[in-house]
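User: I would like to go through this structure step by step. Could you begin with the terms that I will need?

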Amino acid sequence: MNPHSENAHSESPHSENRHSKNRHRKNPHSESPRSEPTDPNASDDSSHTADNSSRAARPSEPATPARPAALPAPAASSTPSDAAEDPPAEPQVTLRSAAEIADALPYLMGFYPDDSIVLVALHGDRGRFGGRVRLGIPADTAHWPDAADQLADCLITAAAARGEHPMGILVFLCQEPGAGESGTDVKDRLRPLAQRLRTACGALDVPVLEALCLSNSRFWSYCCPDFRCCPADGTPMAMPGTSVMAAAAAYAGMQVRGSLKEMEARLAPRTGPRAAEQETALDAEAAALVPRMLRPDGAAAVRRDTLELAEAMIRRFRLDTPTGSNRARDACDDALITDAEAASLIHGLQDRITRDRAAEWMEGPAAAPALRLWRALARRCAGGYLEHAVALLTLAGWVCWATDDGPSARVTLGRALSIDPGYVFADLLHRAVNEGLDPEPLRRCLREQRKEREEHDAAARREATAPAKESPRPGKRPQPVRPRAAADRPLGPRGGSRPGGRTTDGRGRRRAGRDGDRGRR
């Protein structure tokens, strides 16, 4: 399983003392990072999957730091050490407690990372937030050591690739209680994983400054032994939207898209009777597609029909924009397309050329309905057609990235790669999102491709409708030059004008012709 890496920025004027036990006992959690909350859309946060798997983690690609968003500073530190420092280049937000650090996590990720391990690097004397890595908590505890070692190595190696070395790391373990469990039970069950993460980071000369367990709307610290500030029953988290970070994020227009489970549920295939009906339609379409492909120019005809149907569906989706919760909107989208239409599009978009043409619906008024269509089609890939969802999830992830929704792009592309890790287009897009690249070059390439094709099609239509050039009509055989008219010829001795008449000499005798013939034969 691949860890998910991302970047943010924060500042902590006293973070070098956070690992001191005496500080915790003396004034628990009184010194917290002062952060510049970064729009998660502009950051890099994931490498393949986020599901709960028993496989070990695999380091992701190095990530580039994201640019912090310019936000107002709701709170500012007034310590002498801050006064002596140069004013920050951009406004900052001060996180004053462990509760505010815990509340900031969804804003750093763009969603609440349930069932996840999250590591956040701190850089510099002021504790600037750097890289972030996320991984689904392995279900098999035997894989926890490998996952911890590789997560720590991934985060620190990515920072070293940028010429930085973290001065500390924050660890978050996020998991909701199972059946019959409480939040305290989750905290105790995950304690060995937290300890292993602290050991793995320490082995690489980077201390874990804080390790928090988030469960059931409460948090526990694995680093603070003082029950006055970190009670055994946990500390309630701030109400959503009431923290300093929430206010700054709202001002900056940053959005939290719900939990990871909610985002993945929007991409999950149908189940039950509706799934069986859709699978029957997919079987029927597959049987009809084979003879069509075997016809002369059959592949081109199938591509054309698929793109025309997709364009018609996008127009239909654009004219009917649902409202309400995500679940209600998805239900409305599912009702806009029939099983037969979905089957035709799902099979048609497996073709690489058709898929690349469909990727051109990535901006403007077509982007939002196209994204809804690709998600709806991915949910229709039920039963034995699960792998057919990869192309559709890749298109959905591309539209998310092209419209500056990085967190959704990572989750969607991670879902695609969890089904087919070797799908090249999804892997390339996923790496590009993780490395913080700009999607504009790819958008520009697709625009030029569409423009060239439209110009070619227009030229072909002009040539087809232009009047045909007049070709010489097959005339009669060329006639020989006719002799002069009778009026222009000299009259014979008898007044005749018949051509070829014999002449006579002056004595009235016939003159012999060339051949000496003196009479008719």
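Analyst: A residue is called buried when its relative accessible area is under 20%, exposed when over 50%, and partly exposed in between (1.4 Å probe, protein chains only). Helices (H or I, at least four residues) and strands (E, at least two) are DSSP runs, numbered from the N terminus. This is a predicted model, in which local features need pLDDT of at least 70 and side-chain atom pairs count only at pLDDT 80 or more, while totals for chains, interfaces and linings use all residues. Residues are numbered from 1 along each chain as its sequence is written, and side-chain values use heavy atoms, with hydrogens and water left out.

User: Which residues of helix α6 are buried?

Analyst: In helix α6 (residues 244-252), the buried residues are V244, M245, A246, A248 and A249. G253 follows α6 and has a positive phi, near 80 degrees.

User: Now the helix pairs. At what angle do α4 and α5 cross?

Analyst: Helix α4 (residues 144-161) and helix α5 (residues 183-203) cross at roughly 40 degrees, and their axes come within 8 Å. Axes are lines fitted to C-alpha atoms, for helices over the stretch in contact, and angles run from 0 to 180 degrees between N-to-C directions. The two helices α4 and α5 are therefore oblique to each other. Angles under 35 degrees count as roughly parallel, over 145 as roughly antiparallel, 65 to 115 as roughly perpendicular, and the rest as oblique.

User: Which residues of α4 and α5 meet?

Analyst: From α4, W144, P145, A148, D149, L151 and A152 meet R189, L190, P192, L193, R196, L197, A200 and C201 of α5; contact means heavy atoms within 4.5 Å. By class, the residues of this contact between α4 and α5 are 11 nonpolar, no polar and three charged. Here Ala, Val, Leu, Ile, Met, Phe, Trp, Tyr, Cys and Pro count as nonpolar, Asp, Glu, Lys and Arg as charged, and the others, Gly among them, as polar.

User: And how are α14 and α15 oriented to each other?

Analyst: The helices α14 and α15 are roughly antiparallel to each other. Helix α15 (residues 406-419) packs against α14 at an angle of about 160 degrees, with the axes 8 Å apart. Among the residues of α14 in this contact are L393, C400 and W401, and those of α15 include S408, A409 and I419. The contact of α14 with α15 has nine nonpolar, four polar and one charged residues.

User: C400 was in that list. Is C400 buried or exposed?

Analyst: C400 counts as buried, at 1% relative accessibility, and lies in helix α14 (residues 389-402). Leaving aside neighbours within four places in sequence, C400 is in contact with L371, R375, D405, S408 and A409.

User: How many disulfides does the whole structure have?

Analyst: A search of the whole structure finds zero disulfides, a disulfide being a pair of cysteine sulfur atoms within 2.5 Å. The sulfur of C229 has its closest cysteine sulfur in C224, at 3.2 Å, which is too far for a bond. As for another cysteine, C445 is partly exposed, at 41% relative accessibility.
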